[in-house]
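Work through these exercises with the model at hand. Each task is followed by its solution.

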Amino acid sequence: MDDLDRQILDILRRDARTPYTEIADEVGTSEGTVRNRVERMMDDDVIERFTISTRTGNVKAMLEIGVAVDVDTKAVSERIAEWEEVDFVWMVSGEQDIVLVVDAADTRGVNDLITKARDQEEVVSTKTRLILDEELG
């Protein structure tokens, strides 16, 4: 990845629907170059997916999950990623092992997710943070 790739990614992070022609104008190259770079980054798994950010009025939260030492964290993460309200699952270092970003209808929905996480036999601890506001860079 070079500086041009990083510039293209920065624009797409802010708005994944930005037309290639607009990106090309902003970074000073051709639309074809932008298209080829994006396709290459997708083929190389630099770009994993295009997604959206919403303001649904729902309650967003981060659930931090600790699992037992002898547990396959990836397997637990993949299973939890299938839960409807889960937007992101990150395997992380530190006190907790997995961080979920969830979008629930209300605080009761967040609490139900906490209970569902705690019901997993591999889970030994949880910590929850409500997301109060979000700014996209």
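**Exercise 1.** In what order do the four strands form the open sheet, and is the pairing parallel or antiparallel?

Solution. This is a predicted model. Trace the sheet from one side to the other: the order is β2-β3-β1-β4. The pairing is antiparallel. Next, take the ends of that order. β2 (86–91) and β4 (123–131) stand at the edges. Each has a single partner strand, so one side of each is left without a neighbour in the sheet.

**Exercise 2.** Over how many bridges do β1 and β4 pair? Find a residue in β4 that stands opposite Met62.

Solution. Locate β1 at residues 59–67. Its antiparallel pairing with β4 runs over eight bridges. Now go to Met62: Arg129 in β4 stands opposite.

**Exercise 3.** Which strands does helix α4 touch as it packs on the sheet?

Solution. Helix α4 covers residues 73–80. Its contacts are with β1, β2 and β3 (98–104). Then compare directions: α4 makes about 175° with β2.

**Exercise 4.** How many aromatic pairs does the count give? Classify the pairing of Phe88 and Trp90 as stacked, tilted or edge-to-face.

Solution. The count comes to one aromatic pair. Phe88 and Trp90 form an aromatic pair with 6.0 Å centre to centre. The cut-off for centres is within 6.5 Å. Their planes are 20° apart. Planes under 30 degrees apart count as stacked, so the pair is stacked. Finally, check accessibility. Phe88 has a relative accessible area of 30% and is partly exposed. Trp90, at 39%, is partly exposed.

Methods. Residues are numbered from 1 along each chain as its sequence is written. This is a predicted model: local features need pLDDT of at least 70, side-chain atom pairs count only at pLDDT 80 or more; totals for chains, interfaces and linings use all residues. Side-chain values use heavy atoms; hydrogens and water are left out. Two strands pair if DSSP finds at least two bridges between them. Helices (H or I, at least four residues) and strands (E, at least two) are DSSP runs, numbered from the N terminus. Contact means heavy atoms within 4.5 Å. Axes are lines fitted to C-alpha atoms, for helices over the stretch in contact, and angles run from 0 to 180 degrees between N-to-C directions. Rings of Phe, Tyr and Trp (its six-membered ring) pair if their centres lie within 6.5 Å; planes under 30 degrees apart count as stacked, over 60 as edge-to-face and the rest as tilted. Buried means under 20% relative accessible area, exposed over 50%, partly exposed in between (1.4 Å probe, protein chains only).
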